[in-house]
Amino acid sequence: MANYVVSVSDQAVAANFFPVEQGLNAFNDEITGINDRKPLSVLVKDAKTSEVIGGMIGRTSLGLLFIDLVYLPEVLRGQRLGETLLRQFEAEGRKRGCISGFLYTISFQAPEFYKKNGWEEFGRIDCLPEGTSRIFMRKQL
């Protein structure tokens, strides 16, 4: 009889993620001999309250820069603030020794923005709703 139970959940509980993340990190560290993973964020804050109102969140690991989440409120779009966030994110990645970057966006989000800033598409997967795709992009740093 097995000494474990497999369960499915829709709850994002940090305590549940920790053993999985730590186990994978330990495995990767043992194989590569490198422990360089670090979170990275470039945030936009309200000047009066210091409340985070947007930004770019990701990480660096094994010489790669990952952009995971990007958001700017509509009132801040079209002011080249996205370019500022992206340039600072890339610069920090280079400073950390990253040789390339990786992200995925959705076809209705910002693929043209990234292309305009030197990122290239290397894959696309159809998703819902119909006519929508996840677009995988990379950039040499």
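This is a predicted model: local features need pLDDT of at least 70, side-chain atom pairs count only at pLDDT 80 or more; totals for chains, interfaces and linings use all residues.
Which element gives the largest share of the lining of the largest pocket? Strand β3 does, with five residues.

Residues are numbered from 1 along each chain as its sequence is written, and side-chain values use heavy atoms, with hydrogens and water left out.

**Pocket and cavity**

The largest pocket has a volume of about 610 Å³. Among its 26 lining residues, Val70, Tyr71, Leu72, Ala110 and Tyr114 are the closest to the centre. Two or more lining residues come from each of β3 (64-71), α2 (81-95), β4 (100-106) and α3 (111-116). The structure also holds one cavity of 30 Å³ or more, and the largest cavity is lined by Asn28, Asp29, Ile34, Asn35, Asp36, Arg37, Ser61 and Leu62.

| Space | Volume | Lining by class |
|---|---|---|
| Largest pocket | about 610 Å³ | 15 nonpolar, five polar, six charged |
| Largest cavity | about 40 Å³ | two nonpolar, three polar, three charged |

On a 1 Å grid over the protein atoms alone, a cavity is a set of points where a 1.4 Å probe fits but cannot get out; a pocket is an open set with protein on both sides within 12 Å along at least five of seven lines, and lining residues have an atom within 4 Å of a point. Volume is the space filled by probe spheres set on the points, which are joined across faces, edges and corners. Ala, Val, Leu, Ile, Met, Phe, Trp, Tyr, Cys and Pro count as nonpolar, Asp, Glu, Lys and Arg as charged, and the others, Gly among them, as polar. Helices (H or I, at least four residues) and strands (E, at least two) are DSSP runs, numbered from the N terminus.

**Helix α2**

In α2, Gly82, Glu83, Leu85, Leu86, Phe89, Glu90 and Gly93 are buried (under 20% relative accessible area with a 1.4 Å probe, protein chains only; exposed is over 50%, partly exposed in between). They lie on the same side of α2 because they cover an arc of only 160° around the axis, taken from the directions from the helix axis to the C-beta atoms. These buried residues pack against β1 (38-45), β2, β3, α3 and β6 (132-140), contact being heavy atoms within 4.5 Å. Just after α2, Gly97 takes a positive phi of about 90°.
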